[in-house]
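Subject: A structure for you to look at

Hello,

I am handing over the structure we talked about, with some notes on what turned up in it. Please open it beside this email and follow along.

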Amino acid sequence: MSGTSIVTLPERAVELLGGQPDDTTLRRYLHGLPGVDAVGLEQRAADLGTRSIKTTSKAWALDKIIELIDLTTLEGADTPGKVRSLVAKALNPDASDPTCPRVAAVCVYGDMVPYAIEALGAAHGDPDEGGVSVAAVATAFPSGRASLEIKLADTADAVAHGADEIDMVIDRGAFLAGRYGLVFDQIARVKQACRREDGTYASLKVILETGELTTYDNIKRASWLAILAGGDFIKTSTGKVQPAATLPVTLLMLEVVRDWYRATGEKVGVKPAGGIRTSKDAIKYLVTVAEIAGEEWLQPHLFRYGASSLLNDVLLQRQKLKTGHYSGADYVTID
Amino acid sequence: MSFLEYAPAPESRAILNLRDEYGLFIDGDFRPGTGESFVTISPADETRIATIASASEADVDAAVAAARRAYDKTWSKMSGRDRGKYLFRIARLVQERARELAVAESLDNGKPIKESRDVDVPLVAAWFFYYAGWADKLDYAGLGADPRPLGVAGQVIPWNFPLLMLAWKIAPALAAGNTVVLKPAETTPLTALLFAEILQQADLPPGVVNIVTGAGATGATLVRHPDVDKVAFTGSTAVGREIAKAVAGTDKKVTLELGGKAANIIFEDAPIEQAIDGIVTGIFFNQGQVCCAGSRLVVQESIHDEVVDRLKARLSTLRLGDPLDKNTDIGAINSLEQLNRVRELSRIGDEEGAERWTADCVIPDKGFWFAPTIFTNVQSSHRIARDEIFGPVLSVLTFRTPDEAIAKANNTPYGLSAGVWTEKGSRILAVADKLRAGVVWANTFNRFDPSSPFGGYKESGYGREGGRHGLAAYLKGASAGDAARRVEAGRSKKEVSA
Amino acid sequence: MSKRLTVPKTYKLYIGGAFPRSESGRTYEVATPKGDFLANAALASRKDARDAVVSARGAVKGWSGATAYNRGQVLYRVAEILEGRRAQFVDEIVQQTGVSAAVAAAEVDESIDRWVWYAGWCDKFGQVAGNGNPVAGPYFNISVPEPTGVVGVIAPQDTALVGLVSAIAPALVTGNSVVVIASQRYPLSAISLAEVLATSDVPGGVVNVLTGSPAEIAPWLASHPDVHALDLVGAGDLDWVDLQIAAAETLTRVLPPENGTDAAAPSLARITAFTETKTVWHPKSLV
């Protein structure tokens, strides 16, 4: 995992923006980006969705999807017991097949982080190196409607408890009201709150809540804004609002990180979350990542699925490839 | 292993039930041709598909006679309601056999199965569906008080969209009450012959549609046949010219849909990502073998480098190969003849001083292939900016102002289509006003619909296919001069040299 | 030789894609002209009508948002299914009205063919009823017809099927949804038609069929603000002027009654009657 150095952030942003990241400067920059034609974008997504991924490609894809999942539970009713069950599933997704890879991370509320770490034990670590990390949602998830102080405390709390990754939400109200400077500032400050005592940073994913931003132009601008402000990942949704992740939205965000890479040489990650329930859909996302940003993005530090029920559908497909016949719900475990 | 090297995903040929040999479809049945039969091959690997009959002059005569009989005795007496019902049946049968038709089309033409499955065949069904509904509503078409059919239509179609071009011709002709003799292109007869089987399943009265396969001579005989009332041709401007000359002085009504050299104009405020997609669709869809292809990229100079860079990156994800593989984006060129033409014009492009860039594709050993190619530094005076290449070759020119873009776009004898990319609505509409092209696509490209009229200005031909306007070609009273008495030719018609 | 015992059909209402009984629990007897019992048809209440309007309103967005091509396909599918059930419809008409099988068959055939006529209008109507306007200025200007919304229909009362079909189909062409009150004397074909609609990809709520007393139900449709147009084609025997006055309260567009065998004959005007015309301007400029 990597976190952008906070020390160079303001300079990089100022350099690219040509000024301080206030409402006016940001507005000029973000509204100067080329527009998005929605019909064309959706058409491209549909075309990518016609790719036919079979046999060896499919087998590879199914394993890769599992390796990129942030297995998630974000319910008011979550308990330590629920979290332990989730972790067990994360470490051993298919009870009947020990060769099944592990997921990338578990994603829980901040106060559940200690239980997740405890349950992971020795397996807790960097998913790029075979471990499973702990991601915590923070900043008054999912609504983001709280003071900045509360949001920073929420973040610091989770980091102090050992979270490796923080999934924050942006202030959508402020964004839609054009207060880009405020949105920028909040992201930058949350990134600061991700700093640990030893000087390393938790990785910051910035949830745009694309379903509330509604237009593709807004999503494109919010993506650039989040990256300028220091996000390591841009994430589509909290999963609590419909629509959550869609293929066109994810495609758009991948175009942004691709263009960011062309402009700066830095790689930022993308995480679609919510609404991806079938292997078929998940494979479309893999194809989109590979054909838009590039195959190097198919790694845990650059792409994640925020999902819960997706995992079992992938396991059913995986079982079918192995056995040659369809599998059923009794043959996958509940998390 | 690279994920992007997707495992083969072949569409199975098992769905096909092809004959080894096909006859001509005349008067409701297949019969042998009296010309010298020929073979149709798959351009992807040059293997034989089937033996095809060739229609001699006598065969064409018989077909026209069958069409005339069917017109006089059956079709002209039938209610519009019933004609419509036949067309609805045909539409439904095409939908039912859609997969089979798509496989056959890709096999015979070389285009990717993704295109024949997702574009060609669905549009074929839609075309019949649309015109079925017009058959009993001709009074409402705004084409005259009591529009009547012309009689027998002789129709010659090209090889680039074989079944779709057949639908564009047959559907409106039948809806308007005409009967038809249609000649498919020499290299792509297969889906027309499968279509004939569909006509039998629809129980269409014999002789209403006749299909005469053959080469150029068959087509020439058909369009010059004295008992053909209406000629419809889609193909090259060169042949279109000959047809226009051949019908001069006769009563034959003619519509022509010919070549193009469309400009795809990208303004600096275009939605860039989608514009790149539009450029790619514009010139590489169907391997660029499209009359309305966006074969000239006319890009605002200020964004030229960025657009070309992005375009090249985008082309690197295009997959060239087996047309029947579901992941193939670029299929085979339809024939060796066409491939040689593309190669020759590209060579000329090199000679003229344009800069060639070709996508890095693995070219199969057998078959006819041309990797997507871009020429930059192309000027209006270059041949590759003026001649229709009809292949996956894009010529890139620049402009500074809207006026200049329009001038360059219009600076061609062709006038079939054009593209305009900009976020500014008022500019789209003003530019569209000034473009001398029959189809203007704004922030999109190569979109077709049976309700949307298609056709060219200038040397791209005349007449429209699709929409309410598409009926005009097949109805009396719909065109000026119908009511006027035919003026006797003042002197004998001179032979026009070929 | 013993004759096989039949399984008689129960005739319910058709609302929101489902077949509920009247919320009032009421039914009325439908008999042959000779007085033999045929069935108990549901006697719809004002609450059923209210529910039907809610369903219809909810269905407009999806139905009008579908492409014209899609609507045409769905309506053609209805004709296909009708054709397949021709014999059943012929029997039902013979039983309800007492006409001969030949006359009933002609009615069913005409009903199917009229339905096909309207299906074929979906993707053409806009071309005939809409157009660009050559305004005197640098503006692009276009007029397009749009569906009016929910159409309430009092179906012709003298026929079992052809009048009903002739009144419903034109409203559906442009994307309206319909609440129709069937013939009181001959309601059974209306419910059988609803069964056809339910199995033909017509989304639930696009057509809602109420059987019972037009005199009782029509005033509730006429005064309902969510009914945007009211077709009184079959209301000739009611106090229809009062209905028109009630409808005027919310400026509902009203079509008057028609009598005789040619009530609701196919016409372009019947499609136009349930549309609104929208005209859009946009400047044109090169600089």
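Ala140(A) counts as partly exposed because 16 C-beta neighbours lie inside 10 Å; with C-beta atoms placed from the backbone, a residue is buried if 20 or more other C-beta atoms lie within 10 Å of its own, exposed if 12 or fewer, and partly exposed in between. Although Ala140(A) is not a glycine, its phi is positive, at about 60°. You will find Ala140(A) in the loop between strand 3 and helix 7 of chain A. Helices here are DSSP runs of H or I with at least four residues, strands are runs of E with at least two, and both are numbered from the N terminus.

Before you go further, please keep in mind that this is a predicted model, in which local features need pLDDT of at least 70 and side-chain atom pairs count only at pLDDT 80 or more, while totals for chains, interfaces and linings use all residues. Residues are numbered from 1 along each chain as its sequence is written, and chains are lettered from A and ligands numbered from 1 in the order in which they are written.

The loop that holds Ala140(A) also holds Pro142(A), between strand 3 (133-138) and helix 7 (148-160). Phe141(A) and Pro142(A) are joined by a cis peptide bond, with omega about -5°. Another cis peptide bond links Gln242(A) to Pro243(A), with omega about -5°. Pro243(A) sits in the loop between strand 6 (233-235) and helix 12 (247-264) of chain A.

As for chain A as a whole, it has 14 helices and eight strands. Its radius of gyration is 19 Å, close to the 20 Å that the globule rule gives for 335 residues, so chain A is as compact as a globular protein of that length. That radius is taken over C-alpha atoms, and the rule is 2.2 Å times the number of residues to the power 0.38. Of the 335 residues of chain A, 52% count as buried.

Chains B and C also touch: 18 residues of chain C are in contact with 25 residues of chain B, contact meaning that the C-beta atoms of two residues, placed from the backbone, lie within 7 Å. On the chain C side, helix 2 gives the largest share, three residues.

In chain B, have a look at Asn377(B), a residue other than glycine whose phi is positive, near 60°. Asn377(B) counts as partly exposed, with 14 C-beta neighbours inside 10 Å.

Best wishes
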